[in-house]
Every structure is written in C-alpha cells, then in structure tokens.
Amino acid sequence: MRVRETGDKSVVYIDVGTTNARAWLVSDDEVLARAQTQVGVRDTARDGSATRLRAALKDLIAKVRAGAPPPSYVAAAGMITSSLGLAEVAHIEAPAGLEDLAGSVERHSFSDITEFPVYLVPGVRTGPMRSALDTINNTDVMRGEETLCVGLMGCGLLKGPTTLLNLGSHWKAIRIDERQRIQSSVTTLSGELIHTAQTQTILASAVPHERLAAIDAHWVDAGMQEERNSGLSRALFCVRLLEQKCDGSPEQRLSFLAGVFIAADLDAFLARGTLSGDGPVVVTGGGALAQAWLHALSRSSIQAAVLSESEVEHGLLAGLRTIVEKRSSEYGR
C-alpha cells in the first residue's frame, strides 16, 4: 500500500468492530507495527459511554507509534463511525463505490486520543433511511466492510458481479455489482449467537468455548439437516441431546452447532438471491468456520474461495489508503 500523498511518511490505520479494535502503522508499502485490543463498541453499549473505547484507541495509537516518526494522519473505518464510536458519520446509500465513499469521508479532531487529524470512512446503507415493519427486511447497514470491499477490488481479489461473505461477530453477505459497487448487504447476528450459545447457555458444557479449530464435515451436514427439519431453536437443543446420548466429541458437537447456524443463514441468503451462481462467493474471516461455509456452499453447487488473513488485512489497509487518498486528491484535505 503506497502512501503517496504524504511523501512516504507513515499513516496510522484503525479498524473498530463490535468486540475488538486494531491499529497499524504503515509506511512505504510496509506495515511497521500492529496492535489489537479486545475493546469494541459493544463495550460502549454496555457502559453507556465511549470512555473505555477512547482510552483503548489512544493506547493502540501510542503502541504502533512507539519509536517511529510522527504519522501524517489517522484513517479509520468500522464501528468507530457509529453512534457508539467516536463520531457518527451518516451511511451513504447503496449502490456505492470508491468515489461515493471518498466524497463522504469526514475529517475530525480528537485531542484526547491523538494530536493528528482523523479521517473517518462512512458506512453503506441498503434501503431507505427509515423503514416500516413490513419493509425492514429490505434494510441493512455496514461499517468497515465497505472499506474491505474497495481494497479487495483494488487488489484484484474481488470482482463483481459476486458476493462477499464476511464472517465476524456478525455474518454479512455483500453483493458487488458489475460496476464494482456495493449493491446491497444482508447481516445476521450468527457470529455473536454462536459465541453466546457456546458460553452463556445450557450448551456450554457440550461444546468448547473457543472458536471452531477444525470442522468435521459429517457433523456440519448433520447440524444443517437438523435445522432444516426442526428449525433453529430445536436444532440447537439437539446439541444438548447429543451430549447426553451420543459418543461425539465436544469438537464434533461444535461442528454440528455451526452447521445449524450456517443452514439458517444460507437458506435465507439463497431465498432472497443474495447468494447465486453468477460469480464465485468470496469468504473472509471466520477461521475454520470459513471452511464449514465452503463445504456448505459446495453442497449448494456454489463456487467459493476463502481469502487468507494476510489477504484480508492487505485488502482492508489498501481500502483505507485508497479511499482517503481519493478524498484528498479530489475534495481537498
């Protein structure tokens, strides 16, 4: 990633999610430092204040800057631009591409966090500003994934028409159109719900509390079939029954549980046309969950590819760079 507008001076990039925040110091195509913390906007929601998030971001910036020359600026995306972040930046309406995002980047100052200007990348909204009960299914929002999409397209790792399936705390299927714009998105809570089922329900004794380390395809298939036969809630209770009445291991039962959520989301995505055969699905995030999705998609005759963590990181940073540089060159600093 080239920091052209700063004469190859360093830039700090930040990504804030629901459960964590990350920072990078980048200069002359090279990541000089990385830092991460388990603080995100969920903490703001719980605390009723962004104090913890602001302190965490100040610490992250200090860590990646340690011993390095001052950066030119800070560029950030993700939930940092939400009402639970530092400053709410309005979503722009889909379809949206690079020019649309660059034109809506906002420059802010947060003196309690950093002395450098902070450029905030907006998220993207599908559907109207306000929705009624009978139209809410046509509405969706994203913060952060739009930047990843721009970067991956710039790196040649994503090309429309296709779908990007991002597996994080939330699972998000993003349609990219033939003009390389974000056309629409659909979001579910499945990432958070899997963690909650693992740690906060009666299933906690039946499965490991850590992320899925490896999949058992047979047990993923069984979980998917049970969800289709019995529905989400009943299929989840079957994990408890399997613990009591079956010889399966905790790891196999976690594969079953993952299959339950994958089937629920996959069938919904297929029904609304978010996943289709007009281009391969690109899967990001999720670790072994990505392999479970790859398996499930192949069962539905959908071609898919999983990007590595390094490819995703490169795409995100390239997206931040490209959007902010576009903003600076066309709209001034």
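Let's start with helix α2, residues 51-65: its 15 residues reach 21 Å from the first C-alpha to the last, close to the 21 Å expected at 1.5 Å a residue. Bear in mind that this is a predicted model.

Which residues of α2 are buried? They are Leu53, Ala56, Leu57, Leu60, Ile61 and Val64. These residues lie on the same side of α2, because the arc they cover around the axis is only 135°. The cover over the buried residues of α2 includes the strands β1 (11-16), β2 (21-27), β3 (30-37) and β4 (74-78), along with helix α1 (41-47). Just after α2 comes Gly67, with a positive phi of about 75°.

## A three-stranded open sheet

Next comes an open sheet of three strands, in the order β5-β8-β9 and with mixed pairing. Its edge strands, β5 (92-93) and β9 (140-142), each pair on one side only. Between β5 and β8 (residues 124-126) the pairing is parallel, over two bridges. Here Glu93 stands opposite Arg125 in β8.

## Cysteines without disulfides

How many disulfides are there? The count comes to zero, where a disulfide would need two cysteine sulfur atoms within 2.5 Å.

Cys149 counts as buried, at 0% relative accessibility. For Cys238, the closest cysteine sulfur belongs to Cys246, and at 11 Å this is also too far for a bond. Cys238 is buried, with a relative accessible area of 9%.

Technical notes
Residues are numbered from 1 along each chain as its sequence is written. This is a predicted model: local features need pLDDT of at least 70, side-chain atom pairs count only at pLDDT 80 or more; totals for chains, interfaces and linings use all residues. Side-chain values use heavy atoms; hydrogens and water are left out. Helices (H or I, at least four residues) and strands (E, at least two) are DSSP runs, numbered from the N terminus. The expected span of a helix is 1.5 Å times one less than its number of residues. Buried means under 20% relative accessible area, exposed over 50%, partly exposed in between (1.4 Å probe, protein chains only). The arc is that of the directions from the helix axis to the C-beta atoms. Contact means heavy atoms within 4.5 Å. Two strands pair if DSSP finds at least two bridges between them.
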